[in-house]
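User: I have a model to go through with you. Let me put it up.
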Amino acid sequence: MNPHTHETDDNNLIRDNNIIKIEQVQSQTINEKLTQKFYTLLELARENKLLLIIYTSLYIMVFGNALVFPALPLILVSLCNDDSARAAELTGQYKFFNGFLSLFIIPVMGMVSDKLGRKPVIVIWSMVVMIDMLLLLHATATSNIYLFVVALFVPVFSMFNIYTAAVADLSNDESKAKNFGLMFAIFGLGMVTGPA
């Protein structure tokens with residue numbers, strides 16, 4: 001047996017063991033970071049249950065929108081009896097009125113939430129969106145294109161500005177950056193997991 005071959009095998013074994021140890025340390029570090037983030041979220045929930053409710057509600061809203069809106073053109077084509085020109089026209093009208101009406105409705109919703117409070121507006125609007133989703137389901141099942149397009153307008157005036165104001169109200173100077181960072185991370189998570 002060649003002693004040089006034995007020495008090379010030992011070096012390879014040592015190198016492989018070192019690589020395994022490095023991978024284990026990296027994996028442990030990632031697990032520790034994830035665990036730390038989870039405990040940070042739990043600590044936040046203990047500190048302020050309303051923030052947890054806002055974050056959960058925001059995630060559900062964004063997840064639902066991200067789930068439905070990529071399929072919207074296909075749903076409209078099927079409701080228009082495979083007339084893609086009519087579906088494109090309706091999509092364009094929807095997008096135009098979405099932006100135009102948001103310009104007026106969102107400031108009004110902000111003023112209403114300032115007067116009534118954030119919680120009542122969030123609860124009422126969540127119920128309105130739930131009823132609207134049932135209308136969308138009914139419109140799709142009965143192929144009622146007009147009900148479908150009208151029902152699309154309700155969630156357009158989303159609660160994002162109210163969520164933002166609520167997070168600002170519930171945050172002090174030390175936690176404001178953390179709370180807003182978490183809010184936008186949850187928004188991004190909803191956008192990614194919805195279509196997936």
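User: Which residues are linked in a network of salt bridges?
Analyst: D114, R118 and D169. A salt bridge here is a side-chain nitrogen of Lys or Arg within 4 Å of a carboxyl oxygen of Asp or Glu. One caution: this is a predicted model, where local features need pLDDT of at least 70, side-chain atom pairs count only at pLDDT 80 or more, and totals for chains, interfaces and linings use all residues. Residues are numbered from 1 along each chain as its sequence is written, and side-chain values use heavy atoms, with hydrogens and water left out.

User: What does the D169 and R118 pair tie together?
Analyst: D169 sits in helix 7 and R118 in helix 5, so their bridge joins parts 51 residues apart in sequence. Helices are DSSP runs of H or I, at least four residues, numbered from the N terminus.

User: Is R118 buried or exposed?
Analyst: Buried, with a relative accessible area of 18%. Buried means under 20%, exposed over 50%, partly exposed in between (1.4 Å probe, protein chains only). D114 is exposed at 56%. D169 is partly exposed at 48%.

User: How many salt bridges does the structure hold?
Analyst: It holds 3. One of them pairs E89 with R86, at 3.2 Å, N to O. These two are 3 residues apart in helix 4 (residues 84-116), so about one helical turn separates them. E89 is partly exposed at 42%. R86 is partly exposed too, at 26%.

User: New topic. How many residues are in the largest nonpolar core?
Analyst: 19 residues. L58, M159, Y163 and V167 have the most contacts inside it. Such a core is a set of buried Ala, Val, Leu, Ile, Met, Phe, Trp, Tyr and Cys residues joined through side-chain atoms within 4.5 Å.

User: Which elements give two or more residues to it?
Analyst: Helix 2 (49-68), helix 5 (118-142), helix 7 (160-170) and helix 8 (176-193). Helix 2 gives the largest share, 6 residues.

User: And what is Y163 in contact with?
Analyst: Leaving aside neighbours within four places in sequence, Y163 is in contact with I54, S57, L58, M61, I122 and M183. Contact means heavy atoms within 4.5 Å.

User: What lies apart from that core?
Analyst: Another core, of 10 residues. C80, L90, Y94 and L136 are among them.
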